Amino acid sequence: MKITSPAFDNDTKIPVEYSHLRGNIRPPLAISDVPPATKSLVIICHDPDAPLLGGFYHWTAWNIPPDTTQINSDTLPDQVVEGVTSWGEPGWNGPQPPFGTHRYQFHLYALTDRLDLPTDTTPRGLKKAIKDITLDHAVLTGLFAAADKKG
């Protein structure tokens, strides 16, 4: 299974329009090679370099249909649920590192089932819910630096 983006390559800079500092729009993503037994997909965007214990979560989305090949910046399939992030609200909230260069990891999970979780589910609750039903996992890493705020 693979997750990529037409906006940036793995381990390269995320353009500023996808940051919390500028447009704060969700970067487009491409999904491929999903296992045939997959019933739903989950995406979690996590900054492991944030100075908070456990990092900072910028986006969670679940019940993504397994035949999804593109996630665009402005719409999601109807059945997709976006959970609460470290910002305390649902939806995408992009990079805004206070210092240095941070990694933003887009984790894609293929699940054996759909999830019945409330929209106020935290990233920790989502990770617990998918622990025993994950078929496959892929990661795309983008970089964003405090110095990119001007870019």
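Two strands pair if DSSP finds at least two bridges between them. Keep that rule at hand for the exercises below, which all concern a predicted model.

**Exercise 1. Find out in which sense strand S3 and S6 pair, and over how many bridges.**

*Solution.* Begin with strand S3, residues 29-32. Two bridges link S3 and S6, and the sense is antiparallel. Now widen the view: three strands make an open sheet, ordered S1-S3-S6, with antiparallel pairing. Strand S1 (2-4) and strand S6 (70-71) are its edge strands, each pairing on one side only.

**Exercise 2. Decide whether S8 is enclosed or open to the outside, and name the strands it is joined to.**

*Solution.* First count the buried residues: nine of the 11 in S8 are buried, so the strand is largely enclosed by the rest of the structure. Next look at its partners. S4 and S8 run antiparallel and are joined by seven bridges. Here Leu 41 stands opposite Ala 110 in S8. S8 and S9 also run antiparallel, joined by 11 bridges. In that pairing, Gln 105 has Thr 141 in S9 as its bridge partner.

**Exercise 3. Classify Tyr 109 as buried or exposed, and list its contacts beyond four places in sequence.**

*Solution.* Locate the residue first: Tyr 109 belongs to strand S8, residues 101-111. Its relative accessible area is 13%. Buried means under 20%, so Tyr 109 is buried. Setting aside neighbours within four places, Tyr 109 touches Met 1, Ser 40, Leu 41, Val 42, Ile 44, Ile 130, Thr 134, Asp 136 and His 137.

**Exercise 4. Identify the buried side of helix H1 and what packs against it.**

*Solution.* In H1 (residues 123-130), the buried residues are Pro 123, Leu 126 and Ile 130. These cover an arc of only 60 degrees around the axis, so they lie on the same side of H1. Arg 124 and Lys 128 are exposed residues on the face turned away from that side. The buried residues pack against strand S4 (40-47), strand S5 (56-64), S8 and strand S9 (134-145).

**Exercise 5. Check the radius of gyration of the chain against that of a compact globule.**

*Solution.* Note the make-up first: one helix and nine strands, in the pattern β-β-β-β-β-β-β-β-α-β. For 151 residues, a compact globule would have a radius of gyration near 15 Å; the chain has 14 Å, which agrees. The C-alpha trace spans about 45 × 30 × 25 Å along its principal axes. Buried residues make up 48% of the chain. Finally, of the contacts with a separation of 6 or more, 71% join residues 24 or more positions apart.

Methods. Residues are numbered from 1 along each chain as its sequence is written. This is a predicted model: local features need pLDDT of at least 70, side-chain atom pairs count only at pLDDT 80 or more; totals for chains, interfaces and linings use all residues. Side-chain values use heavy atoms; hydrogens and water are left out. Helices (H or I, at least four residues) and strands (E, at least two) are DSSP runs, numbered from the N terminus. Buried means under 20% relative accessible area, exposed over 50%, partly exposed in between (1.4 Å probe, protein chains only). Contact means heavy atoms within 4.5 Å. The arc is that of the directions from the helix axis to the C-beta atoms. The radius of gyration is taken over C-alpha atoms; the globule rule is 2.2 Å times the number of residues to the power 0.38.
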